[in-house]
Every structure is written in C-alpha cells, then in structure tokens.
Amino acid sequence: MSRNASAQRTPSVRSRMSPGVLTGYLLRVCTAAALITDAVVHLKDAPFYDASTQALLSQGQLFRIQAGVAIVVAVAILAWPRRLVWVIAFLVAASAVAAVVLYTYVNVGSVAGLPDMYEPSWGPPGKALSAIAEGAAALFALGGLAWSIQRGRRA
C-alpha cells in the first residue's frame, strides 16, 4: 500500500473539524484567556487596596472576589460552552469593564457597603490591562453567545 493511499483513507484532524467547531474553540479559548488575564491582574493588585476598610468590604477583597469569579467562569466556558455560560461570561466581563470605566470618570462614593473606588487615572499598574482584558472578554463572550445561538438553529 502506498503512502498516499493510507493518507486518503484516514481523514486528518483538519478535515474532520468544521469551521464552525474551530470558531467555537477559538472563542472559548480567547474568552477564557481574557478572563484569566483579568483575574491575574486583580489578584496581583489586591494587596495594594486592602489598607482602607471603612466599608463592609475592602477594595482588595472585591478584587479577589472578581478574580475568583473570572477564574470560575473561564473554566466553565472551557468545560461547558452553553448559552447560559456565555451569558454569564459576558455579564462578568461587561460589568467589570463598566465598573473600572465608571470609577475612573465618576466619583460614585461609598454605596451599599462597597468602598469608594474612585480613581481618576489610568496610571495604576494593571488598570488599563485589566480594562482591555475585560472588554475583550465581553466581546468574545458576545461572539460566543451568537455562535452558540447560530449553532442551535442549525441543529
């Protein structure tokens, strides 16, 4: 048997994977990577925000909670890419980017046990990176949701 004959009988991974499946994998990996980037920045910066705790939670504790949620959602999107998980990933990322932008430009003050997180600068280490990662994760999750809906319609 010639080498070409065996290659023709055994389909390669590339020929078995449709563009739609590849798109889904790419969206999952990109969403998870952006969420993990956000989590790493929040975990790294959390100790800098533990000093002042006049509220129910310190900003450092909120950073750790955000990081934990982002990690859980990143794992969920890799392991179980369903519509609900895409929606949760979008909500986590979009709410995080909305919060960082809001607290950069608006002095909201202390609200409902949350600390005053007003920081009118993009200068603190990691702030811009986390905002970019959160925005990217929100966009990738929105794309993943659209992909999931389209795939459901085809089935």
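Setting aside neighbours within four places in sequence, glycine 113 is in contact with Ala55, Leu56 and Leu57. The model is predicted. Between glycine 113 and alanine 55 the C-alpha to C-alpha distance is 5.1 Å, although the two are 58 residues apart in sequence. Glycine 113 sits in the loop between α5 and α6, and its relative accessible area of 27% makes it partly exposed.

Alanine 112 has a phi near 50°, a positive value in a residue other than glycine. Its relative accessibility is 78%, so alanine 112 counts as exposed, the cut-off being over 50%.

**The chain as a whole**

The chain contains six helices and zero strands; read from the N terminus, the order of elements is α-α-α-α-α-α. Of its 155 residues, 34% are buried. Among contacts between residues at least 6 apart in sequence, 67% join residues at least 24 apart.

Helix α4 covers residues 59–79, which is 21 residues. From first C-alpha to last, α4 reaches 30 Å, close to the 30 Å expected at 1.5 Å a residue. Its buried residues are Gln59, Gly60, Leu62, Phe63, Gln66, Ala67, Ala70, Val73, Ala74 and Ile77. Viewed down the axis of α4, these buried residues fall within an arc of 150°, so they line one face of the helix. An α-helix has 3.6 residues a turn, so residues three or four places apart point the same way. Val72, Val75 and Ala79 are exposed on the other side of α4. The partners against which the buried residues of α4 pack are α3 (19–45), α5 and α6 (127–154).

Helix α5 spans residues 83–105. At 1.5 Å a residue, its 23 residues should span 33 Å, and the end C-alpha atoms are 33 Å apart, which agrees. Buried in α5 are Val85, Trp86, Ala89, Val92, Ala93, Ala96, Val100, Tyr103 and Thr104. The cover over these buried residues includes α3, α4 and α6.

**A surface patch and a buried serine**

Leucine 102 is found in helix α5. With a relative accessible area of 38%, leucine 102 is partly exposed. Leu102 is one of the residues making a nonpolar surface patch of about 570 Å², together with Val101, Tyr105, Val106, Val108, Val111 and Trp122.

Serine 130 lies in helix α6. Serine 130 is buried, because its relative accessible area of 5% is under the 20% cut-off. Apart from neighbours within four places in sequence, serine 130 is in contact with Asp38, Val41 and His42.

The four residues described one by one above are set out here.

| Residue | Relative accessible area | Class |
|---|---|---|
| Leucine 102 | 38% | partly exposed |
| Alanine 112 | 78% | exposed |
| Glycine 113 | 27% | partly exposed |
| Serine 130 | 5% | buried |

Definitions and conventions: Residues are numbered from 1 along each chain as its sequence is written. This is a predicted model: local features need pLDDT of at least 70, side-chain atom pairs count only at pLDDT 80 or more; totals for chains, interfaces and linings use all residues. Side-chain values use heavy atoms; hydrogens and water are left out. Patches are made of residues with over 30% relative accessible area and no salt bridge: like charges are joined within 9 Å, nonpolar side chains (Val, Leu, Ile, Met, Phe, Trp, Tyr) within 5 Å. Accessible areas come from the Shrake-Rupley method with a 1.4 Å probe; for residues, only the protein chains shown count as cover. A salt bridge is a side-chain nitrogen of Lys or Arg within 4 Å of a carboxyl oxygen of Asp or Glu. Helices (H or I, at least four residues) and strands (E, at least two) are DSSP runs, numbered from the N terminus. Buried means under 20% relative accessible area, exposed over 50%, partly exposed in between (1.4 Å probe, protein chains only). The expected span of a helix is 1.5 Å times one less than its number of residues. The arc is that of the directions from the helix axis to the C-beta atoms. Contact means heavy atoms within 4.5 Å.
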